Amino acid sequence: MSGLGHTPDLLRPDVALDGFNTLRLPARAAWFARVEDVDGLRAVLDDPRVAGLPRFVLGGGSNLVLNGDFPGLVLQVAFHGRSKIFEDEEAHYVKAGGGENWHDFVRWTLEQGWGGLENLSLVPGTVGAAPVQNIGAYGLEMAEFFYSLRAYDLETGKTVGFDKADCHFGYRDSFFKQGGAGRYLIAGVTFRLPKRWVPRTGYADVARALAEAGIAQPTPLQISDAVIQVRQAKLPDPAVLPNAGSFFKNPVVSAEHHARLLADYPAMPSYPQPDGQVKLAAGWLIEQAGWKGRVLGPVGCYARQALVVVNHGGASGAHVAALRAAVCAEVLNTFGVELEQEPVTLGMLSPLS
């Protein structure tokens, strides 16, 4: 169904967003539309009732902090479909709609025999949100197997293509969080999955899960199963305990700063980077600063993984901001390291006064 005549079926006024973010924070959108194709999207955007209003593109809501009502149009991406579009001697090229569930897509590729994305199993969110965040886990970033995407430019009304260079991928970062923030709705993403598959089992937790299962030479599906087991043991299910996954990015410090910290904290986990800097484990820093399992009002740091901020019930965006400020201040005071929030914020995120 498409066209302006069908817009009333898509465009809804005054919609509660509590159920559209995994932290379950309260907020309302002045207008809301679930769009399944470009025709429906164009029809919504052409509706005079939302002309000139700010817009926000919503995926699975798993990497989002809501802070107050949104006076504009929230567009929920529901572009679906997944298929192998072609292959060459070296790789399979697989495309998925921006609204596809990321984990379901990963498992589908593995079931087809196309390895590569298994270390990103059970990462919450949608396929369209994955390039925005350049999601990563257990030694793999999505950018490594990214090939291209198609996006709708909300400013020009045109559909445009992006290759890997266009996306300017960085650690939990991309063009879509920087210069292109808020401008594009990602309709579909294509991945290049090499036929020469190389397992990644270097992370201790994953290696331990495989060893306990007696698996010495794992298949992509077996690595996926191990990653799922590890994630479920460490991370809370948002349906049971609302959360937005990893709330802080792993900070990167200079080699000199790392050397000073290591002298005082010899057990501190650290990961040398190609540019000579060193990545630290934000969860470890937060735990050492005394925040693991600690609460501040209705929010707190998860008891099994300090990196995860959880909503114990009745929290608002301001409560989350207050916790963020307290944790960041303590880590900075203890280690001289600045933490950065990973989820996107809709609205101004300021602590409770």
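User: Which side chain meets that of R172 in a salt bridge?

Analyst: The model is predicted: local features need pLDDT of at least 70, side-chain atom pairs count only at pLDDT 80 or more, and totals for chains, interfaces and linings use all residues. Residues are numbered from 1 along each chain as its sequence is written, and side-chain values use heavy atoms, with hydrogens and water left out. A salt bridge needs a side-chain nitrogen of Lys or Arg within 4 Å of a carboxyl oxygen of Asp or Glu. R172 has an N to O distance of 3.8 Å, and its partner is E342.

User: How many residues apart in sequence are the parts that R172 and E342 tie together?

Analyst: Helices (H or I, at least four residues) and strands (E, at least two) are DSSP runs, numbered from the N terminus. R172 sits in the loop between helix 5 (164-167) and strand 12. E342 sits in the loop between helix 10 and strand 20 (344-346). So the pair ties together parts with a sequence separation of 170 residues.

User: Does R172 count as buried or exposed, and E342 as buried or exposed?

Analyst: Buried means under 20% relative accessible area, exposed over 50%, and partly exposed in between (1.4 Å probe, protein chains only). R172 has 11%. E342 has 9%. By that cut-off R172 is buried, and E342 is also buried.

User: How many residues apart are D205 and K234?

Analyst: The side chains of D205 and K234 meet in a salt bridge at 2.5 Å, N to O. D205 is in helix 6 (residues 204-212) and K234 in helix 7 (residues 220-234). The pair links distant parts of the chain, and the gap in residues is 29.

User: Which residues do salt bridges that share partners join into one network?

Analyst: First, the pair above: D205 is partly exposed at 21%, and K234 is partly exposed at 30%. The network is made of K84, E87 and K195.

User: Which residue forms a salt bridge with E90?

Analyst: The closest N and O atoms of this pair are 3.0 Å apart, and the partner is R192. E90 lies in the loop between strand 6 and strand 7 (91-97), while R192 lies in strand 12 (residues 184-194), so the pair ties together parts 102 residues apart in sequence. E90 is exposed at 53%.

User: How many salt bridges does the count come to?

Analyst: Side chains of opposite charge can pair when their charged atoms come close. By the 4 Å rule, the number of salt bridges is 16.

User: What reach does helix 10 have from its first C-alpha to its last?

Analyst: Helix 10 covers residues 317-335, 19 residues in number. The expected span is 1.5 Å times one less than the number of residues. Helix 10 is close to its expected 27 Å, with a reach of 27 Å.

User: Which helices do the buried residues of helix 10 pack against?

Analyst: The buried residues include A318, V320, L323, V331 and F335. Contact means heavy atoms within 4.5 Å. Among the packing partners are strand 4 (64-66) and strand 19 (308-311). The helices are helix 8 (255-264) and helix 9 (282-288).

User: How far apart in space are L23 and A239, C-alpha to C-alpha?

Analyst: L23 lies in the loop between strand 1 (11-16) and strand 2 (28-35). L23 is buried, at 0% relative accessible area. L23 touches residues including L64, P242 and V309, not counting those up to four places away in sequence. L23 and A239 are 216 residues apart in sequence, yet the distance in space is 9.4 Å.

User: What radius of gyration does the protein have?

Analyst: The protein has 10 helices and 20 strands. The globule rule gives 20 Å for 353 residues, and the protein is close to that, so it is as compact as a globular protein of that length. The radius is taken over C-alpha atoms, and the rule is 2.2 Å times the number of residues to the power 0.38. The protein's own value is 21 Å.

User: What percentage of the residues count as buried?

Analyst: The C-alpha trace spans about 65 × 60 × 35 Å along its principal axes. Of the 353 residues, the buried share is 48%.
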